[in-house]
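Please walk through this structure with the sequence at hand, one region after another.

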Amino acid sequence: MTLIQRGPGGIEHADTTQEVFIGYLPIMLKSKFCLLHGLSDDELIKLGEDPKDPGGYFIINGSERVLVAQEDLAHNRILVDKTDGYLNVTHVAKVFSVRRGFRAPVLLERKKDGTLHLSIPSIPGKIPFGIMMRSLGVITDKEIVSMVSEDPEIVRELIPSLTEASYIFDPSSKEESWKNALDYIGKRVAVGQLREYRIERAKQIIDYYLLPHLGITPEDRKKKAQFLGLMAKRLLELVLGRRPPDDKD
């Protein structure tokens with residue numbers, strides 16, 4: 001180990017290097033670093049080893065340990081796919097948002113009536129896409145469309161979702177429309193509480209459980225709305241036959 005110090009003149013290296021014990025590292029049996037590597041059957045028998053043992057495992061505290069391969073979907077990446085029509089769902093877009101070990105799956109589904117609904121951790125049931133976008137500060141239909149796409153065919157596919165969330169919109173006040181959307185979510189997680197508390201609880205869940213890899217502060221809500229818009233765009237492109245389903249393998 002060589003000591004490194006940061007001084008007024010920048011990084012300085014110590015003149016001496018010393019060996020430091022940091023622990024034992026297990027060696028895979030029969031690997032090139034193993035004492036049994038390359039020995040003949042007779043030599044293995046003399047050492048009390050089974051010559052038919054293929055190796056490939058570790059011995060830790062006298063117990064045999066193996067590494068088990070695991071497959072998982074890529075983190076923070078949008079994957080779109082078709083379904084077989086179960087539970088009234090025709091297409092899905094999903095992403096596994098990961099931040100510092102915390103994993104938050106987000107699922108956007110298209111129903112047979114053309115509406116889009118979102119599932120996120122800590123919120124029971126599914127939230128209409130238009131309401132979720134308004135809870136993130138994207139209030140008007142025009143703003144929501146701009147987050148997804150202004151392509152006429154994609155806009156046409158968005159109309160059912162915009163119509164479904166229209167009752168939340170208050171034409172006299174964007175602020176009130178935003179609070180209505182937050183309160184819709186808050187009623188799912190703070191049943192029976194005052195409206196002010198429900199709104200604050202909804203804000204907390206949006207910040208911490210919706211796409212946490214994009215950030216967990218109120219300032220990150222716009223990025224989350226843009227990401228959800230991208231999810232909706234790719235999902236609707238799949239619906240229109242403009243892109244193939246993603247191969248999750």
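V66 is exposed in this predicted model, because its relative accessible area is 57% and exposed means over 50%. V66 sits in the loop between strand 4 (63–65) and strand 5. Although V66 and M28 are 38 residues apart along the chain, their C-alpha atoms are separated by 9.1 Å.

The loop that holds V66 leads on to strand 5, and strand 5 (79–82) is one of the edge strands of a sheet. This sheet is open, has five strands in the order 5-6-7-8-9, and its pairing is antiparallel. Strands of a sheet pair through backbone hydrogen bonds, in either a parallel or an antiparallel sense. At the other edge is strand 9 (127–128), and each edge strand pairs on one side only. Further in, strand 6 (residues 89–99) pairs with strand 7 in the antiparallel sense over 10 bridges. For F96, the bridge partner in strand 7 is P105. Helix 7 packs on the sheet and touches strand 5, strand 6, strand 7 and strand 8 (116–119). The direction of helix 7 makes about 150 degrees with that of strand 6.

Strand 7 covers residues 102–111 and contains E109. Is E109 buried or exposed? E109 counts as buried, because its relative accessibility is 9% and the limit for buried is under 20%. Leaving aside neighbours within four places in sequence, E109 is in contact with V89, H91, V92, T115, L116, H117, K126 and L235.

Which residues have the most contacts inside the largest nonpolar core? They are L108, F129, L210, L228 and M231, in a core of 47 residues. Helix 7 (residues 221–239) contributes the largest share of this core, namely eight residues.

Helix 6 spans residues 195–209, which makes 15 residues. From its first C-alpha to its last, helix 6 reaches 21 Å, close to the 21 Å expected at 1.5 Å a residue. Its buried residues are R198, I199, A202, K203, I205, I206 and D207. These buried residues pack against helix 2 (129–135), helix 5 (174–189) and helix 7. Just after helix 6, L211 takes a positive phi of about 50 degrees.

K203, which has its place in helix 6, counts as buried because its relative accessibility is 18%. Not counting residues up to four places away in sequence, K203 touches W178, L182 and R221. R201 also lies in helix 6, but R201 counts as partly exposed, at 27% relative accessibility. With neighbours within four places in sequence left aside, R201 is in contact with V189 and A190. The C-alpha atoms of R201 and V189 are separated by 7.5 Å, and the two residues are 12 residues apart along the chain.

How many aromatic pairs does a search of the whole structure find? The search finds two. One of them joins F21 and Y24, edge-to-face, at 5.1 Å centre to centre and with 70 degrees between the planes. F21 counts as exposed at 60% relative accessibility, and Y24 counts as exposed at 77%. Another pair is formed by F102 and Y209, whose ring centres are 5.8 Å apart. The planes of F102 and Y209 are at 70 degrees, so this pair is edge-to-face. Because F102 lies in strand 7 and Y209 in helix 6, the pair ties together parts that are 107 residues apart in sequence. F102 counts as partly exposed at 33% relative accessibility, and Y209 is partly exposed with a relative accessible area of 28%.

Technical notes:
Residues are numbered from 1 along each chain as its sequence is written. This is a predicted model: local features need pLDDT of at least 70, side-chain atom pairs count only at pLDDT 80 or more; totals for chains, interfaces and linings use all residues. Side-chain values use heavy atoms; hydrogens and water are left out. Helices (H or I, at least four residues) and strands (E, at least two) are DSSP runs, numbered from the N terminus. Buried means under 20% relative accessible area, exposed over 50%, partly exposed in between (1.4 Å probe, protein chains only). Contact means heavy atoms within 4.5 Å. A nonpolar core is a set of buried Ala, Val, Leu, Ile, Met, Phe, Trp, Tyr and Cys residues joined through side-chain atoms within 4.5 Å. The expected span of a helix is 1.5 Å times one less than its number of residues. Rings of Phe, Tyr and Trp (its six-membered ring) pair if their centres lie within 6.5 Å; planes under 30 degrees apart count as stacked, over 60 as edge-to-face and the rest as tilted. Two strands pair if DSSP finds at least two bridges between them. Axes are lines fitted to C-alpha atoms, for helices over the stretch in contact, and angles run from 0 to 180 degrees between N-to-C directions.
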